[in-house]
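Okay, thanks for coming, everyone.

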Amino acid sequence: MFFHNFKYSLKTLFRSKSLVFWTLAFPIVLGTLFNMAFADIGNSEKLDVINIAVVNNDDFEKNDAFKAVFENLSDENNSERLFNTKYVTEDEAGNLLKNEEVIGYLKIDDNKPKVVFTTNGFDQTVFKYVVEEIEQTSDIVKNISENDIKEQMMSKNADIDYQKIYENALKMAQEDNVRLQDISNKNLNVVMIEFYTLIAMTCLYGGMLSITAINQSMANISNKGKRISVSPTKKSKIILSSLLASYVIQLLGLTLLFAYTTKVLNVDYGEKTGLVVLLAMVGSLAGLALGVAIGTLFKSSENAKTGILTGITMLGCFLSGMMGMTMKYVIDKSVPIVNKINPASMITDGFYSLYYYDTLDRYFFDLASLLVFAFILIVISFFSLRRQKYDSI
Amino acid sequence: MENVIEIKNLIKQYKEVRAVDDLSFEVHSGEILGLLGPNGSGKSTTMNCILSLLNYSNGVIKIFGKEMKPDSYDLKSKIGVVFQDVAVFDELTVYENIDYFCGLYIKDKEERKKYVEDAINLVGLGDFKKFYPKKLSGGLLRRLNIACGIAHKPKLIFLDEPTVAVDPQSRNNILDGIKKLRSEGATIVYTTHYMEEVEILCDRVIIIDNGKIIASGTIDQLKKLAKIEEKVSVEVNNLDVQHMEKIKEQENVDEVTYDGNVLLVTYKEGKNNLVDIIDYLKKESIKYNKIYSERPTLNDVFLELTGKELRD
């Protein structure tokens, strides 16, 4: 009975034109559109140099971290040059901004950096992001330095080379997880973020398949469900085999998307193929669970449920950067909890961390978050799924 | 006679509304029992309670002598259900639909293949095996719906309004199929609000209204509950009220109505009534187009018992 239902579930899902479009064809179409829209960015692999100003006051002169980083990121010989920086007084900086010769300026007062803009935009976001990263790095450096000094003092090593400790700490911090140099190139690869969210969307759209599978199995939702419920086949067998069929089709959709994006669009997902596949599989599981939850908890038509899933998916993808990376940055900084519970963001972030970080901690955190997300939804749905008699149908 | 279904004191309450009100009845082996009642009378709710799809507030339901529960898989394997709404997969062909639902009951592939063919022949869909449901007419779709419910050759079959909105040809095909199923030994519970079908098919009838049994018995037993024995209808133009009053004074006449050029005369007893009315029309030189006589129907019984029509 399990295989019988699995076989026919595959047939019904495969032959449903709308499901095939949304889960198999639509991601490929969207990927093609992304590729066309972002072709220039992808080809240049570089961002335009951003004109900024820095208020060259005493506080800035004393702040080695800011000085070093801005010198480096503004160096004409640096292939990863990000800024064209003018070191000026505050008044001059204000005038430059007013005349739109720079997009903003940095002023440091009492070791507190302040970025001044008149408008918001991608360049401004990048500038602000760099300043915040430098500030964060400085804090790490400071903490590491203090600990190092304490250690040396505890070991009664009187001859402390503060300069060397500072340089080592700076190097450690930069090699660890801050990676300021990435900002100028890899981290701002908008195209990659778009493709990560595209995969996330495909994973979550798989929920449409599980909504259909659930609808066809529940007596209180569909007439087919009534007919199946009066048969001697156990409901658990029906639901599990139907969901397995949904999962198989979902994975097929992802395989097609990966094949198309890598072979035709030349998207590079990195070298950790096994982990990429694992994340996509777990992401699909989360999408499946989302569909099961929507399918069981809402007693409305299949179209209405599909609408709810589409809405949740698109909102999730939007917040995780599908329509512009700035949104991901803004959400991460201002309401981080949103992307912590957003499955699209978990998937996107998992790919992002896999591609950009040497360690897998963040990747596995995202993977675990997706599993927890799926588990919670299945537990919530379980009580509806196990019901065999209803108060009304 | 062996009871296939025994229902005692079944009550189904929806908040303020009692959809099934203390229903008790039995279905005997090999019979076709008609559950007759207007829309919303509680027929389908009763059926869903029997099938353990719905919770019920009170009562005992036994099928083949055993209490029916959601996990009574041995009982479920002997039951076939044809629901009122068509329940088939648009993405599967006629053959695949029947094979799918039959496969929920029959594991053996070869046996199933034969059962599916038998079901296709029974409902006359042999020429449409590879058709998808969207390509079928309403009547053919209803036939497919029936085939999906009975392909596994169940001993007990529930048919819930299987002929709603079908063409006469399909209706006759469906009714013939049901008779054949009974002749092969199945016990059938037939839910409908079409009294004509009940009269053609059913051995016994239970009339339900507002969730209660208001009458039960064979067709003849039920018809005796009606106070009239004959109805004569005459198509006549411009009949005066005086004529109606004179007709009412004739022997055995119970009631006279004139609506839409049709004179309807009901009689308490069924002898010589047609002759009497024709004689009167001739004597008064009243021209008429058609005249015909009918015996009381189950609708008359329902009208007598509830004061309303079955299809109200």
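**The sheet in chain A**

Let's begin with the sheet in chain A, where 4 strands make an open sheet in the order S2-S1-S3-S4, with mixed pairing. At the edges sit strand S2 (83–88) and strand S4 (112–116) of chain A, each pairing on one side only. From one strand to the next, the twist averages 25°. One thing to keep in mind throughout: this is a predicted model.

Inside that sheet, strand S1 (residues 50–55) and strand S3 (residues 105–109) of chain A run parallel, joined by 2 bridges. If you want to find that pairing on screen, look for Ala53(A), whose bridge partner in S3(A) is Tyr105(A). And what lies across S1, S2, S3 and S4 of chain A? That's helix H5 (residues 64–73) of chain A, running at about 130° to S2(A).

**The rest of chain A**

Zooming out a bit, chain A comes to 19 helices and 4 strands. Of its 393 residues, 39% are buried. Now take the contacts in chain A with a separation of 6 or more: residues 24 or more positions apart account for 75% of them.

Why does Ala25(A) count as partly exposed? Because there are 13 other C-beta atoms within 10 Å of Ala25(A), and a residue is called exposed at 12 or fewer and buried at 20 or more. While you're there, look over at His4(A): His4(A) and Ala25(A) are 21 residues apart in sequence, and their C-alpha atoms are 27 Å apart in space.

**Over to chain B**

The domain assignment gives domain 1 (3–223) and domain 2 (230–295) of chain B. The C-alpha centres of those two domains lie 42 Å apart.

Is S9(B) enclosed or open? Well, 5 of the 6 residues of S9(B) are buried, so S9(B) is largely enclosed by the rest of the structure. As for the neighbours, S3(B) runs parallel to S9(B), with 4 bridges between them, and Leu36(B) stands opposite Ile207(B) in that pairing. S10(B) pairs with S9(B) in the antiparallel sense over 5 bridges, with Val205(B) opposite Gly217(B). S9(B) and S10(B) form a hairpin with 2 residues between them, and Asn210(B) in the turn has a positive phi of about 50°.

The buried residues of H11(B) are Leu298(B), Asp300(B), Val301(B) and Phe302(B).

One more strand in chain B: S6(B). Ile79(B) and Val81(B) point one way from S6(B), Gly80(B) and Val82(B) point the other way, and all are buried. S6(B) pairs in the parallel sense with strand S7 (residues 156–160) of chain B, over 4 bridges. In S7(B), Leu159(B) is the bridge partner of Val82(B).

**Where the chains meet**

**The cores**

Last stop, the nonpolar cores. Which residues touch the most other members of the largest one? Out of 145 residues in that core, they are Ile199(A), Ile98(B), Ala119(B), Ala147(B) and Ala151(B). Leaving aside residues up to four places away in sequence, Ile199(A) touches Leu257(A), Ala280(A), Ile347(A) and Phe351(A). There's also a second, separate core of 22 residues, including Val55(A), Phe66(A), Ala93(A) and Ile134(A).

That's my tour, so let's open it up for discussion.

How values were computed
Residues are numbered from 1 along each chain as its sequence is written. Chains are lettered from A and ligands numbered from 1 in the order in which they are written. This is a predicted model: local features need pLDDT of at least 70, side-chain atom pairs count only at pLDDT 80 or more; totals for chains, interfaces and linings use all residues. Domain bounds come from an automatic or database domain assignment. Two residues are in contact if their C-beta atoms, placed from the backbone, lie within 7 Å. Two strands pair if DSSP finds at least two bridges between them. Axes are lines fitted to C-alpha atoms, for helices over the stretch in contact, and angles run from 0 to 180 degrees between N-to-C directions. A nonpolar core is a set of buried Ala, Val, Leu, Ile, Met, Phe, Trp, Tyr and Cys residues joined through C-beta atoms within 7 Å.
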